[in-house]
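The model is to be shown first, and the entries follow it.

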Amino acid sequence: MMNTENFYKKLKGSGLLLILLIFAVSCEDFLEENPSTSIDADYIYTTEEGLKSGVVSLYKFERDRYQRSTEDFMGAVLMSSRSDLAFSRTGYTGLMGRYERGVSPVDQGANFVSSLFWKHFYNMTNKATAIINAAEVANGIDEDVKNQVLAEAKFFRAHSYFYLYRMFNNIYVNTETVTVENAFNVVNDKSSEENIFALINSDLDFAVEHLEWTDTFGRVTKGTAKHVKAKVAMWQGDWVEAKNQALDVIEGPDSPHSLVSSTAGVFAGNRNNSESLFVIQAEDDLLGGGNTTMMNANYVTQYFQISGIEANIEQGGRGFSRILPNLYLLNLLAEDPNDTRDDDTYFRLKYYYTSGDRIGEELDDYAPITDLDNPSTDYARYYQRMHPSCIKFAQEDDNPDSYLNRSNITVYRLAETYLIAAEAIMRSTGDPLPYINAVRTRAGAQPVTSVNQQTILDERARELAFEGQRWFTLKRMGQEVIDFQITNYAGDGEYFPANLGSKDPRTNWQPHYINWPIAQIDLDLLGPNYPQNDGY
């Protein structure tokens, strides 16, 4: 028997869908959906417009993870804090990134993870499944509209289960709509890996078949589905499938996608460019335009606390310096002096005075971190104010005086597809060099002449750092890889300050952290023998 808390949680989720649909159908100009004045369950699940509005609600769910919530800033930045590329300076995100929280089923970090990931993605799968099952039996619906609804809903179900599997490993998948009749059913065991991937691939196959190559920016397309299909194939070790899907997006005759000409253009403007495969949409002064986000603020230092320099968009906007690129990443970028990714495109290394007698001069109050004689003493002022920042999430129309801004956020883009192709070809047949070098030459870096796993790992670091992919890449490559990378490179090692050594992620790391703990509050709602991940 499922306890009453779980039952009411599911009913609450159903009510939330109605609220979201009322919201979604008010956004005609933003997502090109027709509003209705009659929003109820019958309308949602039996009419063409209702089903289309139901799909829009899935985009709202996805967008919520990137925008401000009761957990404030953690929704989409948490995965970047736990990697070999980041220095997690402070705040609760810092505690999570340094493996001080989120390491037990009962600590507050696990409760955050429960809300931001486990419940979030299971809510999405439940809503997507309800839409899928309703659409499949709906009468009087145009066949093309029905297939479009099914394709988008199946994409989001696959996307959600794929995310859950990569984080938690011990997950269950379900294709039944939650109803009053089955709400008390208890999930007694995790799903097999075979069943998880069978559902994910079936959903993605349908999406690939029925989505178009082009659609309104912000909607998933055939390219989005193929990109995720390639990522799924990588996790299954099906390198030929990964290669074929990636190459179809890169050079298929109908694909509209291409790399933008320079790294400066990748995150310029609203990000809706030829490289974009899926971009979270937000717009100021528009009903349905989205909430504010703290994505950028987490990654930018507080340079503006120094006299003579004010917060400004050109230097990254207003930040609070919680997650920073570490020396390992910065050294990877510095290996080629012509690499433009640290030339104020993806990362900003230097700051400049904006007022007083030294306008335009480089800020020189503090020495670079490698020159500090006593890093523990100078920790606060350097890492908080002067350390390089990731500026991928700063947007030209942000308010430099606010930590909260409403900005588009890139989820998937073609540069990663190129690196997927390079790795899949390296592990199967063909020449990977054209694909990895397309990314490098776009950045002004010299082409590589050979490719191995470390070459791929390093290039993914330079190109994709802080985009939420690194943790999953390390985990996919195996226990030995993630153990080595975290224990050798996470944080800043000897520069982490010495008197805070107990907070060093390199020494705090434990091999079983490769899977996140299932929070006890979630485990209690499952069957009594449902398996927690090993080590917890």
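Entry 1. Is Asp64 buried, partly exposed or exposed? I looked up its relative accessible area, which is 26%, so Asp64 is partly exposed; with a 1.4 Å probe and protein chains only, buried means under 20%, exposed over 50%, and partly exposed in between. The model is a predicted one, in which local features need pLDDT of at least 70 and side-chain atom pairs count only at pLDDT 80 or more, while totals for chains, interfaces and linings use all residues. Residues are numbered from 1 along each chain as its sequence is written, and side-chain values use heavy atoms, with hydrogens and water left out.

Entry 2. I noted the partner of Asp64: its side chain meets that of Lys60 in a salt bridge, 2.9 Å from N to O. For a salt bridge, a side-chain nitrogen of Lys or Arg lies within 4 Å of a carboxyl oxygen of Asp or Glu. The two residues are four apart in helix H4, and therefore about one helical turn separates Asp64 from Lys60; helices are DSSP runs (H or I, at least four residues), numbered from the N terminus. Lys60 counts as buried, at 16% relative accessibility.

Entry 3. I then examined how H4 (residues 48-64) packs with H8 (residues 143-168): the angle is about 25° and the axes are 10 Å apart. Axes are lines fitted to C-alpha atoms over the stretch in contact, and angles run from 0 to 180 degrees between N-to-C directions. H4 and H8 are therefore roughly parallel to each other, the term for angles under 35 degrees. On the H8 side, the residues making the contact (heavy atoms within 4.5 Å) include Glu152 and Phe156, and on the H4 side Leu51 and Tyr59 are among them.

Entry 4. I followed Glu152 to a second salt bridge, with Arg219, where the closest N and O atoms are 3.0 Å apart. Arg219 lies in the loop between helix H9 (193-210) and helix H10 (222-236) and Glu152 in H8, so the pair ties together parts 67 residues apart in sequence. Glu152 is buried, with a relative accessible area of 3%, and Arg219 is buried, at 9%.

Entry 5. I looked up Glu459 and Arg440 and found a salt bridge with closest N and O atoms 2.8 Å apart. Glu459 is in helix H18 (residues 453-464) and Arg440 in helix H17 (residues 433-442), so parts 19 residues apart in sequence are tied together. Both Glu459 and Arg440 are buried. Salt bridges that share partners join them into one network, with Glu335, Lys392 and Arg413 among its other members.

Conventions: Parallel < 35°, antiparallel > 145°, perpendicular 65-115°, else oblique.
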